[in-house]
Structure formats: structure tokens, C-alpha cells
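This report starts from a single residue and then turns to the chain as a whole. The sequence and structure come first.

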Amino acid sequence: MSKNDGVSRADFDQLMVPNYGPAGFIPVKGLGSRVWDQTGREFIDFAGGIAVNALGHCHPQLIDALTEQAGKLWHVSNVFTNEPALRLAKLITETTFAERVFFCNSGSEANEAAFKLARKYATDHFGAEKNKILACKNAFHGRSLFTVNVGGQPKYTEGFGPAPGGIAHFEYNNIESLMTAISDQTCAVVIEPVQGEGGVLPADRAFLEAARRLCDQHKALLIFDEVQTGVGRTGFLYAYQAYGVVPDILSSAKGMGGGFPIGAILTTARVAASFGVGTHGSTYGGNPLACSVAHKVLEIVNTEKVLAGVQNKHERLISGLHAINAKYAVFKTVRGMGLLLGCVLSDAYAGRAKDFLKAAEERQLMLLMAGPNVLRLAPSLLIDEIDLADGLARFDAAVADLLAAE
Ligand SMILES: *Cc1c(COP(=O)(O)O)cnc(C)c1O
């Protein structure tokens with residue numbers, strides 16, 4: 001599709017800080033759920049940029065939204081407000097529990113803001129000793145020094161000590177564990193409605209309901225990290241709507257901009273009041289380009305057609321994955337919500353998610369993992385039947401290749 005302009009995958013190892021180990025090919029062009037590499041090989045995209053490309057690649061209406069704004073105004077900073085940010089905030093407050101919105105540029109920044117706001121709110125109303133943040137084991141909340149420590153995966157924090165204080169962990173989907181951990185010193189409990197990086201594990205409704213109740217009893221704020229589950233991913237605009245449990249603060253990012261960087265926290269007017277002028281900020285947060293694109297994403301996703309489509313595609317994918325498993329018996333279970341699915345590898349293949357990704361790459365299928373034992377799928381919310389069927393066929397072939405090579 002394009003000349004390689006003299007750069008190749010081998011250059012990565014010479015030029016980049018080695019914190020990633022990217023696939024062997026370099027994507028250069030995408031359209032819908034198809035992607036082409038430097039040599040013109042065509043891939044089916046079941047990865048969706050890690051649940052970011054909610055509308056696939058190069059959606060014409062997103063190109064229009066971005067280019068129209070690009071010809072008007074790129075950036076003014078928060079010394080001034082701007083129309084796209086206000087329009088986006090209006091749409092978010094009309095479609096969710098939120099009464100106030102804060103914009104930033106990523107999921108980590110959104111969670112960082114959420115945790116700072118929770119501490120500030122607790123200090124304002126109850127005193128500075130109410131500062132403990134409770135999070136789940138195996139949770140993922142970002143990579144900044146604070147958010148990575150709130151996350152409950154030691155592999156991401158080892159070597160980065162000393163760890164910031166005031167953070168403790170309890171077991172996901174375990175009400176007793178939360179009851180034991182929570183106290184009047186707790187300022188916030190943060191939960192992913194579906195643990196994404198931790199293995200695509202949905203919360204039980206009773207667990208989220210208990211968290212809401214316990215937070216109210218202890219005057220702690222309930223924070224839902226919907227960075228991965230938000231913006232239609234679960235078949236609901238936000239996953240809290242699927243559960244009928246409303247948080248005090250919700251963090252959003254990933255799918256929000258459909259590939260353009262943006263993050264946000266959604267909250268109530270009462271909680272928001274603790275972020276007075278000068279207490280928190282971001283140079284780029286609420287950037288007009290990002291907000292114009294995110295507004296269009298939200299308009300498109302928050303329709304009956306798209307959200308119901310997510311549920312239909314969910315069922316189609318689940319049955320396709322079960323059919324693969326009926327042939328090869330490689331999965332223990334297939335789980336998830338909407339178009340965030342995890343195939344948990346059976347004991348015989350435990351720890352080998354990476355091998356499946358490599359086999360998929362050979363068959364020109366882009367897949368994700370969520371830890372070493374789970375294959376993760378997070379395709380475009382608009383993926384069509386042809387691409388779904390084609391992707392599943394490639395998945396099937398990749399598994400067959402892997403087993404044949406054993
Ligand atoms: C990806 C993710 C984050 C971090 O988002 P970044 O944009 O990478 O900073 C935080 N929480 C959850 C649940 C995520 O999936």
C-alpha cells in the first residue's frame with residue numbers, strides 16, 4: 001500500500017526504548033476492521049488498538065470531524081475554554097449520571113485525576129486522615145507512578161519503589177474481602193466493571209451493589225474505572241448502566257476518541273466542587289481536536305442501532321469461539337461483555353497466550369492478550385459479518401497451525 005520510507009521493524013530495537021515488544025509487521029493503513037502492513041499484507045483487526053478504535057479505522061465521519069476542526073482551531077489551553085469541549089461535556093452530561101466533566105489525555109491521567117479528587121473531597125468534608133484508596137487485586141489503572149500502584153499487579157510496580165502510600169487491595173468479586181478492607185479512613189474504592197488487563201473478568205452485579213452500599217456506609221466515593229469498558233464496548237454506553245450501579249466518579253479514555261487521545265472523569269456537581277480553580281489541570285486536556293472527534297464518536301456510538309449491534313456481534317463471536325474450542329479444546333472458558341471478550345487458555349496451554357498471538361499474526365489476524373493465560377478480543381463496535389467470519393476463520397486456522405506444530 002505504501003513505500004516503507006526506509007524504516008523497518010528491525011529499526012525499533014535500535015531506536016526505541018525497549019519497553020514494548022511489538023509484532024513483526026508494521027501497519028501502515030487501516031479501513032474499518034482491515035489493516036495493511038508495509039508489504040501490503042491484509043490483516044483482520046480483532047485488537048481494535050486495545051479497545052480504542054471503537055469505530056474501526058478511518059471512519060469517514062471521524063475524518064470529517066477531525067479535519068473540519070483542524071482547519072479552525074487546534075489548541076488554546078485552559079486559560080480559555082472552547083466550543084468542542086463544551087459541546088462534548090454537554091453531550092456526556094445529557095447521556096450519563098455526570099453533572100460535571102474534566103478532560104485529560106489518557107486513562108492514567110483520568111484515574112490520577114479521579115484519585116486526587118477523591119482525596120481532596122475527603123479532606124474537604126471529613127479531614128485529611130480519610131485518605132485510603134482501596135483497589136482490587138489484579139486491577140489495572142494506568143502506568144503513572146500513582147495509578148500503577150493503585151493497580152493490583154506486582155509485575156508492573158516491581159523496581160519502581162518506594163511506592164506511594166495510602167493504597168490497599170482486596171479481592172475482585174469478593175464482598176467479604178471488601179468488607180474487611182473498608183473503613184472510615186477509606187476515601188475511595190475503585191473498581192473496573194470488567195477487569196480488562198487483568199484477564200477480561202466481569203464483575204458480579206452483587207459485588208458492585210455491595211461496593212456501592214459499603215461506600216455509602218463509610219462515606220467513601222465509589223470510582224468506576226471505565227477506561228476500557230466505556231463508550232459502547234459492553235453494549236451499553238458505560239458498563240455502570242448495564243449493572244444499574246452508579247459511581248461517584250467514572251474515568252473514561254480509550255474508546256472515547258476512537259483513536260485520538262482523550263480521557264475524562266465524569267462526576268457529580270457536589271464532588272466536582274472539591275476541584276476548585278487551580279487545584280488540578282492539564283495543558284492539553286479538553287483540546288478542541290480531541291473533543292471534536294470524541295463528540296462524533298459519542299454521537300455515533302450512543303444509538304440503539306450501534307449498541308444493539310454490539311450485543312449481536314457479541315453473540316456471533318461467542319458462538320464462533322465456542323465452535324473453535326469444540327474442534328481444538330484450547331479454552332477453559334470464553335468470557336466478557338459486549339465486544340470485550342477473553343478466551344481463557346486451558347491448563348495444557350496455560351502461559352502461552354503469546355504463542356497464539358504469533359500464530360494469529362501468521363494468519364493475518366490481529367489479536368490481544370490479557371495476561372499470559374487469556375486471549376483478548378476488542379474489535380471495532382462496527383465490525384461487519386464478513387470481517388467477523390473472516391477473522392474467526394483465521395483464528396481457527398491459527399489454532400490449527402499452533403497445534404500441528406506441537
Ligand atoms: C488502558 C487502561 C488504563 C490506562 O490508560 P492509558 O490511556 O494507557 O493511560 C487505565 N485503566 C484501564 C481499565 C485501562 O484499560
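Asp387 lies in helix H15, which covers residues 385-404. The model is a predicted one. With a relative accessible area of 9%, Asp387 falls under the 20% limit and is therefore buried.

Beyond the residues within four places in sequence, Asp387 makes contact with Ser33, Arg34, Ile44 and Phe46.

## The loop at Ala47

Ala47 sits in the loop that joins strand S3 (42-45) to helix H2 (48-51). Its relative accessible area is 7%, so Ala47 is buried.

Which residues does Ala47 contact, leaving aside its neighbours within four places in sequence? They are Met366, Leu367, Leu368 and Ala378.

## Cysteines

How many disulfides does the structure hold? The number is zero. A disulfide is a covalent bond that links the sulfur atoms of two cysteines. To be counted here, the two sulfur atoms have to be within 2.5 Å.

For Cys215, the closest cysteine sulfur belongs to Cys187 and is 10.0 Å away, which is too far for a bond. Cys215 is buried, at a relative accessible area of 0%. For Cys291, the closest cysteine sulfur is that of Cys104, at 10 Å, and this distance is likewise too far for a bond. Cys291 has 0% relative accessibility and so counts as buried.

## The chain as a whole

The chain contains 15 helices and 17 strands. Its radius of gyration is 21 Å, close to the 22 Å given by the globule rule for 406 residues, so the chain is as compact as a globular protein of that length. Along the principal axes, the C-alpha atoms fill a box of roughly 60 × 55 × 45 Å.

Of the 406 residues, 54% count as buried. Among contacts between residues at least 6 apart in sequence, 71% join residues at least 24 apart.

## Surface and charge

The side chains include 37 positive and 41 negative ones. The centres of these two sets lie 2 Å apart.

Note on methods. Residues numbered from 1 in each chain as written. Predicted model: local features only at pLDDT ≥ 70, side-chain atom pairs only at ≥ 80, totals over all residues. Heavy atoms only, no water. Helix = DSSP H or I, 4+ residues; strand = E, 2+ residues; numbered from the N terminus. Rg over C-alpha atoms; globule rule 2.2 N^0.38 Å. Buried < 20%, exposed > 50% of the residue type's maximum accessible area, 1.4 Å probe, protein only. Contact = heavy atoms within 4.5 Å. Lys, Arg positive; Asp, Glu negative; His and termini not counted. Charge placed at Lys NZ, Arg CZ, Asp CG, Glu CD.
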